[in-house]
Amino acid sequence: MPPKISRFAQSVPGSTVVAMRRQADALEAEGVEIVDFGIGEPDFTVPEVVAEAAIQAVRDGRSDYTDPAGLPALRAAIAEFEARQHGTETLPDQVTVTNGSYGALTAIMRGILEPGDEAVVVVPGWGPCRQMIRLCGAIPVEAAMSAVVSRFVIDADAIAAVITERTKAIFINSPWNPTGRVLTVEELSAIADIAVRNDLWVVADEVYSELVFGESRHVSIASLGPEVAERTIIASSLSKSFALTGWRLGYCIAPPELAAVFTKINHTTTRCAASIVQYAAVAAFENALPDVAAMREEYAARGRAVARGLNQIQGVRCPIPEGTFYALAQIPAEWGSSATVAEMLLNKAGVIVTPGSYYGPTCEHFLRLSFATSMPVIEEGLARLREALPPV
Ligand SMILES: Cc1ncc(COP(=O)(O)O)c(C=O)c1O
């Protein structure tokens, strides 16, 4: 018998999204044409100015380690971007540049959680967040939100109800994967009140901050006032907004004392984010915002098309997405568990959707559809769903 694997590591389950994609790969190998509404990854190519800046950085031989906090020019660009776009008073020494927001979130967890601590996670929510908490030996405590007319909303009482003396932090995500919601000032204020009252950190995952549609506005919880700003840690990245997922460039923003801790953690665990990508990211903030706006417009149109198509299917209800690139559709309970429905759709129709159960218990009779795919693919996928889903 080999020696034991860490029990924290063993408590981490595999990803449903990855498992479904692998199943689809096997079907694809047999000749099935798959429509992928599963993966949360932009289908757009990297903005030209960003690609050029990366190539230039390679040619200029920018291949050394950078400061573990990130290139000074990039930290300044991020601070300026955050202050301008989201009204948060951010200074460069509050910024740590990381490997995607995965890197930001793992540094944050390690920086604030100890074994046995509890961290409240608003669910439905992105699975890896709970697993990262587990890897620190801490306990993710789910605060389950409910849907009101098929639309998930923040229930402050449900959050307050799970806080104990061991709670260290509340994790939120707005714009909100998988719901497609953008939290309102009222919802954020209610969370801020709980955090201040109980002296907790607020970890705000704002990775979809630039993907907000129509009348909705992204508000950073850190912008609500000094009392909440001093306890807020933001995690973000260029993955979703600039179509740079595989480039792995993210950042966290925290009060300077804590930011210094995150930089030490970054140094210890990954040394620094890739130098070439950091140079390209400076160009992204300087010159690629028009590309971001164009992608946002396209996502908004796709989100409306997906919701419209889903609402035409009997028994399915889908609010128009306010942000992210996900639509979350409620399905009838009599169709069975969301995992069963997702499995049936993959095998019968060759369509990948993510079962709501992956995101939390109150999301059982929901399916998440990523619309980070082209309009013709979306139309094809919707036609297959219409055909495959049972009559009510
Ligand atoms: C809510 C949320 N946070 C964080 C991430 C991580 O993204 P990245 O590390 O590419 O920034 C994702 C990716 O799907 C996500 O949906």
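User: How many residues of domain 1 and of domain 2 are in contact with each other?

Analyst: Good place to start! This is a predicted model, and its protein is divided into domain 1 (7–45 + 290–388) and domain 2 (48–287). The centres of the two domains, taken over C-alpha atoms, lie 24 Å apart. Where the domains touch, the contact involves 36 residues of domain 1 and 41 residues of domain 2.

User: Are helix 12 and helix 14 roughly parallel or roughly antiparallel to each other?

Analyst: Let's look at the angle. Helix 12 packs against helix 14 (residues 375–388) at about 15 degrees, and their axes are 10 Å apart. Angles under 35 degrees count as roughly parallel, so these two helices are roughly parallel.

User: Which residues of helix 14 make the contact with helix 12, and how do the residues of the contact divide by type?

Analyst: Helix 12 contributes Ala301, Arg302, Ala305, Val306, Gly309 and Leu310, while helix 14 contributes Met375, Ile378, Leu382, Leu385 and Arg386. Sorted by type, the residues of this contact are eight nonpolar, one polar and two charged.

User: Is glutamine 314 buried or exposed?

Analyst: Find glutamine 314 in the loop between helix 12 (289–311) and strand 11 (326–330). Its relative accessibility is 54%. The cut-off for exposed is over 50%, so glutamine 314 counts as exposed.

User: Which residues does glutamine 314 touch, not counting those up to four places away in sequence?

Analyst: Distance along the chain is worth a look here too. Proline 355 is 41 residues away from glutamine 314 along the chain, and their C-alpha atoms are separated by 19 Å. With residues up to four places away in sequence left out, glutamine 314 touches Trp335 and Val392.

Conventions:
Residues numbered from 1 in each chain as written. Predicted model: local features only at pLDDT ≥ 70, side-chain atom pairs only at ≥ 80, totals over all residues. Heavy atoms only, no water. Helix = DSSP H or I, 4+ residues; strand = E, 2+ residues; numbered from the N terminus. Buried < 20%, exposed > 50% of the residue type's maximum accessible area, 1.4 Å probe, protein only. Contact = heavy atoms within 4.5 Å. Axes fitted to C-alpha atoms, helices over the stretch in contact; angles between N-to-C directions. Parallel < 35°, antiparallel > 145°, perpendicular 65-115°, else oblique. Nonpolar A, V, L, I, M, F, W, Y, C, P; charged D, E, K, R; others polar. Domains from an automatic or database assignment.
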